[in-house]
Amino acid sequence: MTPAVGRILALADKEVRHVLRDVRTLYLALAMPLVMLLLFGFGVSFDLEHLQVAFVDLDQTELSRTVRRRVLADDGFDDVGLLADGAAAERALVAGAAAMVVVLPHGFSRDLARGRRASVQLLLDGSDTVSANQARARGESALRAIIASLAKVPAARAASRLELRTVTRFNPAGKSAVFLVPGISAYVLAMVAVLLTALTVAREWERGSMAQLFATPVARFEIVLGKLLPYLVLGMLAVLLVIAVGTWVFEVPFRGSPWALALLSLLFLIGMLGQGLLISVVTRNQMVATQVATMSSMLPSMLLSGFVFPIENMPTALRWISRVVPARYYVAGLRGVLLRGNGLGELWVEAVLLLAFGALMLALSTARFQRTIA
Amino acid sequence: MNTLSMLWAVVLKELRQTVRDKRMMALLVAAPLVQLVMFGSAVQLDVDQVPTALVQQDHSAAAREHARRVYSDGTLARTRTPRSADDALRMLETGEAAAVLFIPPDFARDQARAQRPRLQMVLDGSDPNRANVAANAVAMHLQNESVRAPRLGVESRVLFNPGLSTSIYMVPGVSAMLLLLVTTVVSSMGLARERERGTLEQIQVTPLPGLLLVLGKIIPFAAIGLLDFVLAMVVGAYGFEMPIRGSFALLLLATAIYLVNTLGAGLLIASLSASQQQAFMGGFLFMLPAALLSGIMTPVRSMPSWLSPLTVFNPLRHYAEILRAVLLRGAGASELAFQLSTLAVLGLVICCFAGASFRRQQG
């Protein structure tokens, strides 16, 4: 064993003792990711099960009442009442009592019986875009189907001339948890890893024990590595936990190569821990370090990683910025391995980019260490 | 000295100390605005430009015309042309394409002979939303191609946000979240820092009552919170064309009640933690579920039925609902009576807990 390795291990050993003595660090590293994963996994869902629907029936015929009854027979639509007119509908939407109001106009059933164009109006609360989008799609298709069946329009006849067969791969049931959990894992790990090093090293600066370390014959790079190693082990444990919970609780499949997953996770953690280290070296203050750490890890890994919000739809400038967000490549890697059964053959680009980011962070932290001690 | 002037002295001292610290000010004012702009512009929930590979096995002009029209509205975006069907499926595996559209050989001939020509699509279901959008785009195209009399129309009208712009939806919610970050996390860490450094004890020997001192420390954060709120509204209105339809006075009132909640929570967390690290983690532990279970990102309605009732205890949920209702729907106080009163009650409860916990600490 060369002396350098010995010194690094000694530093790592010291850090491990810190961690073991302070349960809170363990909590931050292991319990927090789990709590966050569960919260996100259950709390973040775009699958709307219940939509509050109100009706305005200006037609007042047997047919219009049947339309209402049929729509409400669907479990996905909750009845919030029959309103008198358009003004009442508007009030219900302003008060947030209904997400959608179906207006059946005067002469609706007469027009339908005479084969004229009968139109139904859907009023949607656009202040909640997620609900409005889904309400529109589901409301329109439900109404079309119900009215077509009531009016006995041979809607299927003409449409069947062209046929579409779809096959959905990787997540045939279309569960949003299967899609979200890999992204959530990356997000959670990014935040915890950055915080782990940002907090612990900034504390050493504040308390002055870092200066003591500099008085010993340890090289800067050795300090960086010695600090990094224990947290890397902790981080990998967190990855294991998060993936295990993801596959058991949220039934996310694990189709690809575990080695590819391990390698990507390791590279990603090095980058994130390095980023935390760099922050603490630069700020030397716990309060500022935590804020910078959460800002620089939480925000990009949530917004620019493609975890929930599709990157293709962003403005060009943000699409470019997203290219330097490591979480983006880790999310892609996790989804590739877990859902699409990828191995390193498909994911080597991601691995190389993560490696580059990690190397850059470590180099920068080491460089900043040197400058500040002179 | 009477109580008010003592309080004012503490507030002034704290305000000076905070304003002088440039990094703190950056965190308190600039950082929230940066986040607001990021959230407002990065988040686009409506999906288009789904990368779709086209496997054209029928090279007739009619089939090509079909392909052109499927892609024409921008919902699907052409990827590179796959070399073969296998190559296209491979693109799905590497994530290069999210959907593959097959136009089989003899497609046009079948259509001409009225033989039910078939298109096939293979979708990457890992993002269910995107897969649905892609399949719907092709299905819509097919529906448009098949001629039939338009006998029924369903016409949708979206109120309050006709373009369904995600920014207008996100900005109010994100403002609420950022206020929480600034007021709860930063104030609790500030108090914890004083405890770590022992300056809190120093001031305690002065003839100031303990609670007054704490109040004096909290009030500057309330002022900064209100400033942040006004800034967020300005950025939202001018940067993202967010409407302000309701009464601004009502918004300020709701914000003040909300700040009682968030600062009370900050105080409670600070009184329970001995160090900045603990305060930060406490703040985080409060903020994360509050932000997630508030309906800011995803509707409360879509949460599992055992989870959604719990959101009643979440001040952030009520405040975000008030912001959206007043800003976008122009709602007034009578429509928001439930949210406003719940918010006030929650604030009172949190402050009682915080006060009790603080007094116990000081023994």
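Accessible areas here come from the Shrake-Rupley method with a 1.4 Å probe, and for residues only the protein chains shown count as cover. With that in place, chain A exposes about 15,100 Å², and carbon and sulfur atoms supply 63% of that area. For chain B the accessible surface comes to about 15,200 Å², with 61% belonging to carbon and sulfur atoms.

Okay, the housekeeping. This is a predicted model, so local features need pLDDT of at least 70 and side-chain atom pairs count only at pLDDT 80 or more, while totals for chains, interfaces and linings use all residues. Residues are numbered from 1 along each chain as its sequence is written, chains are lettered from A and ligands numbered from 1 in the order in which they are written, and side-chain values use heavy atoms, with hydrogens and water left out.

Let's look at chain A as a whole. It has 15 helices and 5 strands; those are DSSP runs numbered from the N terminus, helices being H or I with at least four residues and strands being E with at least two.

Chain B next: 13 helices and 5 strands.

What about burial? I call a residue buried under 20% relative accessible area, exposed over 50%, and partly exposed in between (1.4 Å probe, protein chains only). Buried residues make up 57% of the 374 in chain A, and 57% of the 363 residues of chain B count as buried too.

On to contacts, meaning heavy atoms within 4.5 Å. In chain A, take the contacts between residues at least 6 apart in sequence: 77% of them join residues at least 24 apart. In chain B, residues 24 or more positions apart account for 75% of the contacts with a separation of 6 or more.

Charges, quickly. Lys and Arg count as positive, Asp and Glu as negative, and His and the chain ends are not counted; each charge is placed at NZ of Lys, CZ of Arg, CG of Asp or CD of Glu. Chain A has 36 positive and 26 negative charges, with mean positions 6 Å apart. Chain B has 31 positive and 24 negative side chains, and the centres of those two sets lie 6 Å apart.

Zooming in on strands, where pairing needs at least two DSSP bridges between the two. In chain A, strand 3 (residues 100-104) pairs with strand 4 in the antiparallel sense over 4 bridges. Met100(A) stands opposite Leu124(A) there, and strand 4 (residues 118-125) is mostly covered, with 6 of its 8 residues buried. In chain B, strand 3 (residues 99-103) and strand 4 are antiparallel over 4 bridges. Val100(B) sits opposite Val122(B) in strand 4, and 5 of the 7 residues of strand 4 (residues 118-124) are buried.

Now, is Asp228(B) buried or exposed? It counts as buried because its relative accessibility is 8%. Asp228(B) lies in helix 9 (residues 210-239) of chain B. Beyond its neighbours within four places in sequence, Asp228(B) is in contact with Leu28(B), Val29(B), Pro32(B), Leu179(B) and Val182(B).

Over in chain A, Leu34(A) lies in helix 2 (residues 23-43). Not counting residues up to four places away in sequence, Leu34(A) touches Leu241(A) and Val245(A).

Last stop, two loop residues. Gln60(A) lies between strand 1 (51-57) and helix 3 (62-73) of chain A, and its phi is near 55°, a positive value in a residue other than glycine. Gln60(A) is exposed, with a relative accessible area of 53%. Glu241(B) is in the loop between helix 9 and helix 10 (248-272) of chain B. Phi of Glu241(B) is near 55° as well, and at 65% relative accessibility Glu241(B) counts as exposed.
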